[in-house]
Amino acid sequence: MIVVHHLNNSRSQRVLWLLEELGVEYEIKRYQRDPKTMLAPPELRAVHPLGKSPVITDRDATLAESGAILEYLVDRYGNGRLIPPARTPERLRYTYWMHFAEGSAMPPLLLKLIFDRLPRGVPGLIRPIARLIANGALRAFVTPNLERTLNFMESELEKSEWFAGREFTAADIQMSFPAEAAVRRAGLDASRPKLWAYLERIHARPAYRRAVEKGGPYALVR
Ligand SMILES: N[C@@H](CCC(=O)N[C@@H](CS)C(=O)NCC(=O)O)C(=O)O
């Protein structure tokens, strides 16, 4: 039985969603974020040294990193579903977006979160200075980067309905987290109509809804 080590309101939502799409049985072991720091509890480090979610255990394997988990599950349980055939242009796009989500889209979104919160975390006396530094970094580096990233995602969805092509694939599941995070953190809205329609389509999928029901409140959902 697959066990998903699920941290509330986190990337492991994508793993639950994929398992629901595939109709594979699984068990959820739940972990709660510290409400103040939002960090995962130390128990997760007993499952994987980094103590981050998602992690799955299946048979003898313990696997972390959402992209690796998605690829493993599609390979092991997909029977060819949710992945384009090998050596096609769609497969190449699939691989690209699988890696793009955590490798390119999430870093500027994480920086945005950190610099937005930075001034709140320092003593009141030096808060204006911290705000100045944070705003400088946001203006010079983070915001332009985010704009380019979202514009690029939007322009790619102008070429096809889903990230890898005409069919919905696991790459769309992997890309959901940065797109949802961008709604909260980077003001992604209907002014980017292709990305917005993509979000509406994924949120309407029955498997997505079942995964949110099972995973618990998911604040990244609009
Ligand atoms: N690139 C990793 C990122 C894992 C990650 O940062 N997970 C977050 C949840 S969204 C986490 O566990 N945060 C709590 C913590 O760092 O303590 C992946 O895609 O699996």
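How many bridges join strand S1 to S2, and in which sense do the two strands run? Six bridges join S1 (residues 2–7) to S2, and the two strands run parallel. This is a predicted model, in which local features need pLDDT of at least 70 and side-chain atom pairs count only at pLDDT 80 or more, while totals for chains, interfaces and linings use all residues. Residues are numbered from 1 along each chain as its sequence is written, and side-chain values use heavy atoms, with hydrogens and water left out.

**The sheet**

- Four strands form an open sheet in the order S2-S1-S3-S4, with mixed pairing; here strands (E, at least two residues) and helices (H or I, at least four residues) are DSSP runs numbered from the N terminus, and two strands pair if DSSP finds at least two bridges between them.
- The edges of this sheet are strand S2 (26–31) and strand S4 (61–64), each of which pairs on one side only.
- Neighbouring strands of the sheet are turned by 20° against each other on average, with direction ignored; axes are lines fitted to C-alpha atoms, for helices over the stretch in contact, and angles run from 0 to 180 degrees between N-to-C directions.
- Strands of a sheet pair through backbone hydrogen bonds, either parallel or antiparallel.

- Helix H1 (residues 12–22) lies across S1, S2 and strand S3 (55–58), and runs at about 145° to S1; contact means heavy atoms within 4.5 Å.
- Eleven of the eleven residues of H1 are buried, so this helix is largely enclosed by the rest of the structure; buried means under 20% relative accessible area, exposed means over 50%, and partly exposed lies in between (1.4 Å probe, protein chains only).
- The buried residues of H1 include Arg14, Trp17, Glu20 and Glu21, and the helix is followed by Gly23, whose phi is positive, near 70°.
- Helix H2 (residues 66–77) lies across S1, S3 and S4, running at about 30° to S3.

**Around the ligand**

- Which residues come nearest to the ligand? Of the 13 residues around the ligand, those that come nearest are Ala40, Lys52, Ser53, Glu65 and Ser66, where a residue is near a molecule if one of its heavy atoms lies within 4 Å of it.
- Lys52 has a polar side-chain atom 2.6 Å from an oxygen atom of the ligand, and Glu65 has a polar side-chain atom 2.6 Å from a nitrogen atom of the ligand.
- In the side chain of Ser66, an N or O atom is 2.4 Å from an oxygen atom of the ligand.
- On its own the ligand has 520 Å² of accessible area, of which the protein covers 84%; such areas come from the Shrake-Rupley method with a 1.4 Å probe, and for residues only the protein chains shown count as cover.

**Loops and backbone geometry**

- Ser53 and Pro54 are joined by a cis peptide bond with omega of about 10°, and Pro54 is found in the loop between S2 and S3.
- Asn9, in the loop between S1 and H1, has a positive phi near 50° in a residue other than glycine.
- Leu82, in the loop between H2 and H3, has a positive phi of about 60° although it is not a glycine, and with a relative accessible area of 15% Leu82 is buried.

- Ser104 lies in helix H3 (residues 89–117) and is partly exposed, with a relative accessible area of 37%.
- Although Ser104 and Thr149 are 45 residues apart in sequence, their C-alpha atoms are 8.1 Å apart in space.
- Glu156 has its place in helix H4 (residues 127–159) and counts as buried, at 11% relative accessibility.
- The side chain of Glu156 makes a polar contact with the side chain of Lys159 (2.7 Å); a polar contact is a pair of N or O atoms within 3.5 Å, and within protein one must be able to donate a hydrogen and the other to accept it, while residues adjacent in sequence count only if both atoms are side-chain atoms.
- Not counting residues up to four places away in sequence, Glu156 touches Arg93 and Trp97.
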